[in-house]
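Open the model in your viewer and keep the selection tool handy.

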Amino acid sequence: MRPTRTDARTDAWSDAWSDAWDELVETARRTVVDGLVVGTSGNVSVRVDDTVLVTPSGVPYDRLGPDELCAVDLAGRRVAGDLLPTSELPMHLAVYRATDARAIVHTHAVHATAVSTLVDELPAIHYAIAALGGPVRVAPYATYGSEELAAGALEALRGRSGCLLRNHGTLVYADGLRRAYDATAQLEWTCRVWLAAASVPNHTPSLLSPAELDRVAERLRGYGQPD
């Protein structure tokens with residue numbers, strides 16, 4: 001049974017929605033299995049043309065199916081589904097409107113959230129941070145779901161594809177859900193490394209230089225197998 005839609009769409013468009021929703025549900029479930037969120041915390045979205053498919057508010061991810069599809073336009077108007085979108089919709093839409101993001105993953109990962117309470121920027125403790133554009137900034141604290149949080153996240157994302165949210169969690173975008181998820185997991189791992197290194201008494205972690213991060217970023221452009 002296909003989700004209810006508030007306007008007519010072609011079968012091809014419906015298929016695009018269906019494929020994107022399936023991947024979104026799979027990604028949302030991975031955030032729980034991998035310990036990046038607890039319960040219904042965090043949220044995931046993907047952009048299909050000018051429509052954003054997003055996890056609904058307060059629904060456990062193992063209960064998500066085709067009938068729970070939640071879709072809005074870039075102004076936040078509901079396009080499909082009967083469920084309310086995540087309370088963090090303003091932050092997702094702000095990123096889609098301001099960047100070339102095609103997918104967003106937001107988590108409450110433990111180590112990343114801990115780091116967000118300690119520093120204003122996650123320093124270059126490991127070269128993996130180059131994949132996010134460099135040292136990861138921490139957006140100022142603001143109430144969840146607020147326009148203030150969305151604005152702070154956008155500022156922290158300037159020149160970056162990921163940021164930390166003070167006393168809250170992570171926000172990462174990419175050109176697809178798989179890359180957004182992988183970058184989120186890598187960010188959590190990097191935060192864990194920094195916490196471990198910074199906790200050793202009478203020692204200061206060594207950091208990578210901007211020049212080295214530039215070299216790594218160039219190498220990463222050709223990393224992996226050709227498409």
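For the first stop, Ala, Val, Leu, Ile, Met, Phe, Trp, Tyr, Cys and Pro count as nonpolar, Asp, Glu, Lys and Arg as charged, and the others, Gly among them, as polar. This is a predicted model, in which local features need pLDDT of at least 70 and side-chain atom pairs pLDDT 80 or more, while totals for chains, interfaces and linings use all residues. Residues are numbered from 1 along each chain as its sequence is written, and side-chain values use heavy atoms, leaving out hydrogens and water.

**The pocket.** Select Thr 40, Gly 42, Asn 43, Thr 86 and Ser 87, which lie nearest the centre of the second largest pocket. A pocket here is an open set of points on a 1 Å grid over the protein atoms alone, where a 1.4 Å probe fits, with protein on both sides within 12 Å along at least five of seven lines; lining residues have an atom within 4 Å of a point. Its 16 lining residues divide into three nonpolar, 12 polar and one charged.

**Thr 55.** Next, pick Thr 55, in the loop between strand E2 (51-54) and strand E3 (71-73); strands are DSSP runs of at least two residues, helices of at least four. Thr 55 counts as buried because its relative accessibility is 1%, where buried means under 20% and exposed over 50% (1.4 Å probe, protein chains only). Its contacts (heavy atoms within 4.5 Å) beyond four places in sequence include Asn 43 and Thr 86.

**Helix H4.** Finally, select residues 147-156 and colour Leu 149, Ala 150, Gly 152, Ala 153 and Ala 156, the buried ones. They fall within an arc of 165 degrees seen down the axis, so they line one face of the helix; the arc is taken from the directions from the axis to the C-beta atoms. On the other side, Glu 147 and Glu 148 are exposed.
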